[in-house]
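Please find below some notes on the fold of this chain.

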Amino acid sequence: MKTIRILHSIVALLLIVLYTVAMGSLALLFSLFDRTGEYQHWCARTWCRMIAFTVGMRVSVDGIAPLPRHTPAVVLANHQSLLDIPVLFAFLPFQFRILAKKELFRIPFLGWFLWRAGHIPVDRGNRNATPDMIAAARKVLHARIPVVIFPEGTRNVQPARVKAFKSGGFRLAREAGVPIVPVTIHGTATFLPAHSMWLTPCPVHLTIHAPLDVTDLSIEESMTQVASTMNERLAVLAQSHPQPSLPPSGKRYPAHDLSD
């Protein structure tokens with residue numbers, strides 16, 4: 001069984017590299033005339049659905065109907081695995097821009113797509129880069145496109161509950177006057193654990209919660225409500241779809257706070 005998992009992982013990785021070259025090239029071609037980013041986002045969605053199919057990931061999506069077209073919002077998702085970004089691109093039913101670690105922008109084709117499509121690099125540990133990040137995120141929201149942020153900062157290697165949030169995404173939503181849309185991901189930590197390349201297929205669930213108006217809430221109140229929403233959903237899914245416990249990780253990185 002272990003041998004089959006390893007072979008599956010190797011074949012899937014090779015196919016993902018092929019998809020990245022093909023769809024990344026197509027997205028770069030579209031970027032020459034695609035001012036709205038819709039065609040490039042279609043490439044990313046197709047690309048990530050191909051990845052999901054190849055690794056054998058079946059994702060159940062629950063929650064609200066798609067956000068109305070051209071509705072700016074700060075989408076906050078918990079972070080369990082490298083698969084979280086493909087899950088979001090493949091199954092969130094609206095165009096968005098994501099804040100992702102700058103290392104991803106250095107990967108050929110993938111990084112080129114992220115730059116050309118207007119996604120935002122996060123330079124973890126470099127607070128001097130924060131103002132530029134915030135300005136880029138505000139520019140996206142001003143264009144009436146949602147911004148996706150992982151408020152935990154880095155992957156949570158014990159994902160039964162969310163870990164402490166960084167306040168930047170909450171502050172951004174409040175200052176921009178846009179709602180927060182919490183998104184809960186469950187199952188990816190088991191499917192592809194942190195610091196591992198071996199796949200363990202299992203059910204994956206994506207829950208899109210109702211938008212939260214933060215106009216009259218403090219940053220702390222917003223953080224508490226979003227954490228409570230995610231933890232309640234994780235508890236329900238843990239009961240209906242239990243996952244094996246994960247060993248503690250020996251390597252951690254400081255989360256980047258989008259504070260001013």
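1. A crossing of two helices is called left-handed if the near helix is turned anticlockwise from the far one by less than a right angle, and right-handed if clockwise. Helices (H or I, at least four residues) and strands (E, at least two) are DSSP runs, numbered from the N terminus. The model is predicted, with local features needing pLDDT of at least 70 and side-chain atom pairs pLDDT 80 or more, while totals for chains, interfaces and linings use all residues. Residues are numbered from 1 along each chain, and side-chain values use heavy atoms, without hydrogens and water.

2. α5 passes α6 in a right-handed crossing. Helix α6 spans residues 168–176, and its axis lies 11 Å from that of α5, at an angle of about 45°. Axes are lines fitted to C-alpha atoms, for helices over the stretch in contact, and angles run from 0 to 180 degrees between N-to-C directions.

3. Contact (heavy atoms within 4.5 Å) between these helices involves Ala137, Arg138 and Leu141 of α5 and Leu172, Glu175 and Ala176 of α6.

4. An open sheet of mixed pairing holds seven strands, in the order β1-β7-β6-β2-β5-β3-β4. Strands pair if DSSP finds at least two bridges between them. β1 (59–63) and β4 (120–122) are at the edges with a single partner strand each, so one side of each has no neighbour in the sheet.

5. Four bridges join β2 (residues 74–77) and β6 (residues 180–186) in the parallel sense. Val74 has Ile180 of β6 as its bridge partner.

6. Helix α8 (residues 219–240) packs on the sheet and touches β1, β2, β6 and β7.
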